[in-house]
Amino acid sequence: MVTLKSKDGGRFSGYSGEGARVVTLNELESSAEIMSSTGIGEMDRVLGGGMVQGSVVLIGGDPGIGKSTLLLQVMAKLSAEMPVLYVTGEESVLQISLRARRLGVDPSNIELLTETQAEQIIGTSQSRKPKVVVIDSIQTIYTEELTSAPGSVAQVRESTARLVRYAKQTGTSIFLVGHVTKDGSLAGPRVLEHMVDTVLYFEGDGGGRYRVVRAIKNRFGAVNELGVFAMTERGLREVSNPSAIFLSRHETPVAGSVTMVTMEGTRPLLVELQALVDESHLSNPRRVTIGLEQNRLAMLLAVLHRHGGVVSHDQDVFVNVVGGVRISEPAADLAAIISIISSLRNRPISEGTIVFGEVGLVGEVRPVPGGEERLREAAKHGFSRAIIPKANSPRTSIDGLEVVAVSRLSEVLTSL
Ligand code: TYD
Ligand code: MG
């Protein structure tokens with residue numbers, strides 16, 4: 001038994017240790033000092049400025065989307081400045097060195113470890129003392145404490161817990177690669193998301209060349225921040241001015257296509273929404289979205305019916321965001337509605353029009369954040385007309401941009 005004397009001279013028993021040290025916030029260094037650049041601007045952007053010492057970042061995405069490629073590129077840059085360790089449980093050292101050759105990066109300072117046992121990985125890290133560790137992938141890692149198979153929820157969770165503890169104790173930054181299951185959540189039902197500091201998701205249509213890395217959770221920066229990359233023969237290349245890459249250029253305006261300005265994170269992005277509304281022969285007509293929320297579409301169709309008198313119960317409705325981008329902000333509502341009307345009536349929206357705005361259940365058009373930035377971005381790319389919520393009207397007019405401000409769905413219908 002330990003007996004300790006407290007400050008006031010009283011005696012306590014069964015109390016061991018002196019208690020954790022208490023600090024005030026201004027004693028701590030500013031985060032800028034413990035944040036370092038990854039050497040890849042778009043990656044720094046999604047991380048909230050750079051990689052924070054001792055942080056654990058989870059990178060999720062479909063197999064083959066480019067997670068290992070991106071991390072190898074990041075590690076190659078970082079290895080010039082600090083010791084790094086790349087732990088692979090999936091690929092052989094030969095495969096990684098072939099990839100490095102293909103990427104044209106200098107792998108000479110990257111230490112590689114083929115290992116899947118968490119204790120061994122931590123042991124090796126303790127002796128090699130890397131500043132940054134990549135674990136590719138967390139689903140292959142197991143801890144000897146548990147008897148369940150690698151990849152099981154318990155194993156993934158426990159191994160992650162160990163690695164997180166190691167990161168916090170030693171100030172080592174860790175990138176965990178995680179595979180996404182069919183239903184879209186990271187294997188190990190989202191438990192990992194709570195355990196790590198930052199969760200990044202890799203998005204993009206498998207066939208297309210653009211990839212978007214999105215911050216879903218970030219203890220050090222904004223969420224929904226996007227990093228945009230293009231997959232080339234020599235790995236991922238940053239797209240630092242991505243605004244219009246997701247637009248398809250139609251020779252003449254086509255029915256069902258609408259351009260919107262989305263603003264996920266801090267950067268406006270022009271994307272095209274396409275709708276196809278077609279007579280249905282099903283008793284339950286189809287409502288399909290790609291890149292948008294399915295329930296949102298059902299809601300918008302109901303609003304359109306109730307407040308706009310537009311009937312679609314005998315129609316299949318498909319809405320797609322071009323380029324494999326996923327939009328989670330309600331600012332896409334107005335664009336979705338207009339593209340649906342355009343397809344239904346088979347009438348194109350006039351050229352040079354952009355749209356954004358949220359639509360509410362009572363048929364009102366609500367403002368969205370970043371209105372002026374969205375408008376400026378559209379004007380910069382040569383758009384000449386904007387259909388937007390009244391409350392988002394710019395205080396001063398924007399050169400070359402005619403603003404059609406609407407506050408009700410009925411006004412939207414007449415403005416078309
Ligand atoms: P990869 O990083 O292995 O994906 P993940 O780790 O997410 O499973 O990327 C695999 C795909 O990227 C593969 O289909 C080939 C393609 N790729 C290129 O197009 N260019 C390249 O330089 C590299 C290395 C891969
Ligand atoms: Mg991989």
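**A helix, its end and its surroundings**

Reply: Start at glycine 104. This residue comes just after helix α3 and takes a positive phi of about 70°. Keep in mind that the model is predicted.

Now step back into the helix itself. Helix α3 covers residues 93-103. Which of its residues are buried? Ile96, Arg99, Ala100 and Leu103 are. Here buried means under 20% relative accessible area. These residues span an arc of only 100° around the axis, so they sit on the same side of α3. An α-helix has 3.6 residues a turn, so residues three or four places apart point the same way.

Exposed means over 50% relative accessible area.

Take α2 next. This helix runs over residues 67-78. Its axis and that of α3 come within 11 Å and cross at roughly 70°. That angle makes α2 roughly perpendicular to α3. From α2 come Ser68, Thr69, Leu72 and Gln73. From α3 come Ile96, Arg99, Ala100 and Leu103. By class, this contact of α2 with α3 has four nonpolar, three polar and one charged residues.

Next, look at a strand. Strand β10 covers residues 198-203. Is it buried or exposed? Six of its six residues are buried, so β10 is largely enclosed by the rest of the structure. Both sides of the strand share in this. Thr198, Leu200 and Phe202 point one way, Val199, Tyr201 and Glu203 point the other way, and all are buried.

Strand β10 also has partners. Strands of a sheet pair through backbone hydrogen bonds, either parallel or antiparallel. One partner is β5 (residues 56-61), which pairs with β10 in the parallel sense over four bridges. Another is β11 (residues 210-218), which runs antiparallel to β10 and is joined to it by six bridges. Glycine 60 stands opposite tyrosine 201. In β11, the bridge partner of tyrosine 201 is arginine 214.

Move on to another sheet. Seven strands form an open sheet with mixed pairing, in the order β16-β17-β15-β14-β18-β21-β22. Which strands are at the edges? They are β16 (287-290) and β22 (402-406), and each pairs on one side only. From one strand to the next, the twist averages 25°.

Inside this sheet, pick out β14 and β18. Strand β14 (residues 257-262) pairs with β18 (residues 353-355) in the parallel sense, over two bridges. Methionine 260 stands opposite valine 355 in β18.

Helices lie across these strands. Helix α7 (residues 294-308) lies across β16 and β17 (315-321), at about 130° to β16. Helix α9 (residues 371-380) lies across β14, β15 (269-279), β18 and β21 (385-389). Its direction is about 125° to β14.

Return now to the backbone, where this tour began. Most residues other than glycine have a negative phi, and most peptide bonds are trans. Lysine 129 has a positive phi of about 50° although it is not a glycine. It lies in the loop between α4 (118-128) and β8. Lysine 129 is exposed, with a relative accessible area of 59%. Asparagine 346 is not a glycine either, and its phi is positive at about 55°. Its place is the loop between α8 (333-344) and β18. Asparagine 346 is exposed, with a relative accessible area of 61%.

One peptide bond also deserves a look. The bond from aspartate 136 to serine 137 is cis, with omega near 0°. Serine 137 is in the loop between β8 (132-136) and α5 (153-170).

Last, the whole chain. The protein chain has ten helices and 22 strands. Its C-alpha trace spans about 80 × 60 × 50 Å along the principal axes. Of its 416 residues, 49% are buried. Among contacts with a separation of 6 or more, 65% join residues 24 or more positions apart.

Key
Residues are numbered from 1 along each chain as its sequence is written. Chains are lettered from A and ligands numbered from 1 in the order in which they are written. This is a predicted model: local features need pLDDT of at least 70, side-chain atom pairs count only at pLDDT 80 or more; totals for chains, interfaces and linings use all residues. Side-chain values use heavy atoms; hydrogens and water are left out. Buried means under 20% relative accessible area, exposed over 50%, partly exposed in between (1.4 Å probe, protein chains only). Two strands pair if DSSP finds at least two bridges between them. Axes are lines fitted to C-alpha atoms, for helices over the stretch in contact, and angles run from 0 to 180 degrees between N-to-C directions. Angles under 35 degrees count as roughly parallel, over 145 as roughly antiparallel, 65 to 115 as roughly perpendicular and the rest as oblique. Contact means heavy atoms within 4.5 Å. Ala, Val, Leu, Ile, Met, Phe, Trp, Tyr, Cys and Pro count as nonpolar, Asp, Glu, Lys and Arg as charged, and the others, Gly among them, as polar. The arc is that of the directions from the helix axis to the C-beta atoms.
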